[in-house]
Amino acid sequence: MRIILVNPPLDSVLRDGNVDPVTSYLFYNSAPLGLLYIAAVLEQQGETVACVDAAAEKLDIPATVRRLQEFKPDIIGIGSTTVVFDGTVELGHAIKAAMPDVVLVLGGYHVTLLPEEAMAHTCFDVGVIHEGEHAMAELVEVYTGDRKLEEIEGLVYRLDDGTVHHTPHRKTYRKLDELPYPARHLLPPNLYKPVPVDEHAMPKFAMVSSRGCPHACAFCQKSRSGYRSRDPILVVDEIEHMVRDFGVRDIAFVDSLFCANKRRVMKICDEIIRRGVKVSWTCSSRVEVVDKEMLQKMKDAGCWRTRFGVESGSDEVLDFISKGITKEKIRNAITWADEVGLRPKAFFMVGHMPDTRETIEETIQFAKSIPLHDVTVQINTLLPKTPQMEIWQREGSKWGRLINESSSEKSFWEPTFVPWGLESQDVIDYHRKFYREFYFRPVTLARHLEGLESWRDVYKYLQASNLFSFLFYNAEKPSLSMVKGFFTTLRRNQRGYESSERAHGG
Ligand code: B12
Ligand code: SF4
């Protein structure tokens, strides 16, 4: 059978709206591994498979449909998250209008979280809940006439009366080590461009060494909490395969939580060191899992950056979002990571349900007081089936108000929820202030200047100037007044820096 898998294009709100500089850098900076895993299993089964990343290629809907048509598929599979779901529905209808006989399968997070709502859109023939490798392989057998739809676990589809039918639940797949490598050869490797501050060496590829996460932070969707990890030896085999077959020089581990277990991470690092693999990499950590020994080992094995989910600098907010960490633990982990040379980066959010002006200011000051090299600050967004959405449904009016319900606004870069005591514009202003306060400091600038090795590095920062003007000033393009603002803030922070250096005996 001929099957084509597609990462949907961004819809007009994301593509042309205010968040465009962010979406162009952050929404397609690595290959969609979910689709590539499914493609690999289908290829193993002998099917003819292709993949299109319409978002990364900046294809609009008509161009995407043309690409799909050229392949003459029997089945089309689309993977969709909540934020791109409106665009996915548009694409679905356009596909059905152009190719009414082709089977259209919907997979990914949104249909998994809200199957009834997603499958109410008549363009989709079948939905796949949770992970799709085996469900997709079995679905093919339905259309070759060897199986019946109702026999396949983990599917949703509409019955003749329009109701959405669920087949029996499919158990979480645990044998990750038996999966083939993602079919990376199906997408052009040079499609993906990391943000300048995340680029260390090119080509840079993404990889996963585990799935799920043992924790349950309030803002994070829990549908895939069953944590499973791959054998460290096989993880290093895949690293070597990427280096050998694709010339990869840098790897981003995009596991929900790479550092979930110290012993496993130490084994992966020991194996990289033992084999002498020449590659650099980054990963995600939690502050209470790491210690200095582990961070040093990671550095010795080629890790150049670790990312921590910090989210807030207020202990009360951290408690509310069930982060399970304290400011003291954060400070220790970030300090150790910096001391061993891991250039720590942290994720923060403004607009948590209990956030106030004071807790946001406290968070900004906290971020500046620890030796972080970079931050990503997002705007808290209530996604379906997250613990915070459940709190909202139980006691919403106690915490604030939802100001936007459409999927495509749920980008984490525009306010959709506003806590009481703040206006929507305050959330935007604090968000951009966080970036300015953090980056317009001599210490942060010095860290970035140290990383500049060639004119190419300078050029890539210039290329990202629209991203920076959006993050720092909420404007689409840089202007002279921003440059003035930059130097004013820098001078103010320089004075603050000097007096704090004196206070510390510097
Ligand atoms: C890496 C990652 C990214 C990367 C790359 C994404 C990519 N190109 O794949 C980047 C940084 C670009 C990114 C951006 C964003 N992300 Co993100 N990301 C992840 C992360 C950590 C891992 C994804 C991954 O590769 N998993 C491993 C692969 C093997 O699994 P998978 O993708 O889930 O695919 C399986 C199933 O979903 C299913 N499936 C997927 N597609 C299809 C298609 C078909 C036809 C079928 C049958 C099945 C199927 O089968 C796959 C194989 O088992 C997940 C969290 C997580 N651990 O899953 C969040 C996650 C997907 N991201 C999320 C969010 C919110 C975002 C952003 C909005 C954040 C932001 N503000 O920047 C953007 C939106 C991007 C977009 N285009 O929609 C949410 C989505 C929640 C939701 N309800 O939609 C998640 C779940 C994080 C979370 N816990 O809340 N993300
Ligand atoms: S935010 Fe990170 S640590 Fe928390 S539940 Fe989600 S993946 Fe796990």
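Let's start with a definition: a residue counts as buried when its relative accessible area is under 20%. Now apply that. F417 has a relative accessible area of 0%, so F417 is buried. One caution before we go on: this is a predicted model.

F417 has a partner. Which one? The ring of W392 has its centre 6.0 Å from the ring centre of F417. The two planes stand at 80°, so the pair is edge-to-face. W392 also counts as buried, because its relative accessibility is 18%. Look at where the two sit. W392 is in helix α15, residues 387-395. F417 is in strand β17, residues 417-419. They are 25 residues apart, and the pair links distant parts of the chain.

Stay with the aromatics. How many aromatic pairs does the structure hold? There are 16. Ring pairs also build a cluster. Its members are Y435, F438, Y439, F440, Y461, F468, F472 and Y473.

Next, two helices. Two packed helices are described by the angle between their axes and the distance between those axes. Take α16, residues 424-439, and α19, residues 465-473. Their axes are 6 Å apart, at an angle of about 110°. Angles of 65 to 115 degrees count as roughly perpendicular. Therefore α16 and α19 are roughly perpendicular to each other. Who touches whom? From α16 come R432, Y435, R436 and Y439. From α19 come F470, L471, F472 and Y473. By class, that contact has 6 nonpolar residues, 2 charged and no polar ones.

T282 is in strand β12, residues 280-285. Its relative accessible area is 2%, so T282 is buried. What does T282 touch, beyond residues up to four places away in sequence? The answer is I251, A252, F253, C303, W304, R305 and R307.

H110 is in helix α6, residues 109-113. Buried or exposed? H110 is buried, because its relative accessible area is 2%. Leave aside the neighbours within four places in sequence. Then H110 is in contact with S80, T81, T82, F85, E117 and A118. Compare that with V483, which is 373 residues from H110 along the chain. The C-alpha atoms of H110 and V483 are separated by 41 Å.

On to the ligand. Which residues surround ligand 2? They are C213, H215, A216, C217, F219, C220, S256, R286 and K323. Sort this shell by class: 5 residues are nonpolar, 2 are polar and 2 are charged.

Last topic: the backbone. Where is the cis peptide bond I want to show you? It runs from M202 to P203, with omega near -5°. P203 is in the loop between β7, residues 164-166, and β8, residues 204-207.

Then look at phi. S322 is not a glycine, yet its phi is positive, at about 55°. S322 sits in the loop between α12, residues 315-320, and α13, residues 327-339. With a relative accessible area of 43%, S322 is partly exposed. R343 also has a positive phi, near 40°, and R343 is a residue other than glycine. Its place is the loop between α13 and β14, residues 345-350. R343 is partly exposed too, with a relative accessible area of 30%.

That's the tour. Questions, please.

Terms used
Residues are numbered from 1 along each chain as its sequence is written. Chains are lettered from A and ligands numbered from 1 in the order in which they are written. This is a predicted model: local features need pLDDT of at least 70, side-chain atom pairs count only at pLDDT 80 or more; totals for chains, interfaces and linings use all residues. Side-chain values use heavy atoms; hydrogens and water are left out. A residue is near a molecule or strand if one of its heavy atoms lies within 4 Å of it. Ala, Val, Leu, Ile, Met, Phe, Trp, Tyr, Cys and Pro count as nonpolar, Asp, Glu, Lys and Arg as charged, and the others, Gly among them, as polar. Axes are lines fitted to C-alpha atoms, for helices over the stretch in contact, and angles run from 0 to 180 degrees between N-to-C directions. Helices (H or I, at least four residues) and strands (E, at least two) are DSSP runs, numbered from the N terminus. Angles under 35 degrees count as roughly parallel, over 145 as roughly antiparallel, 65 to 115 as roughly perpendicular and the rest as oblique. Contact means heavy atoms within 4.5 Å. Rings of Phe, Tyr and Trp (its six-membered ring) pair if their centres lie within 6.5 Å; planes under 30 degrees apart count as stacked, over 60 as edge-to-face and the rest as tilted. Buried means under 20% relative accessible area, exposed over 50%, partly exposed in between (1.4 Å probe, protein chains only).
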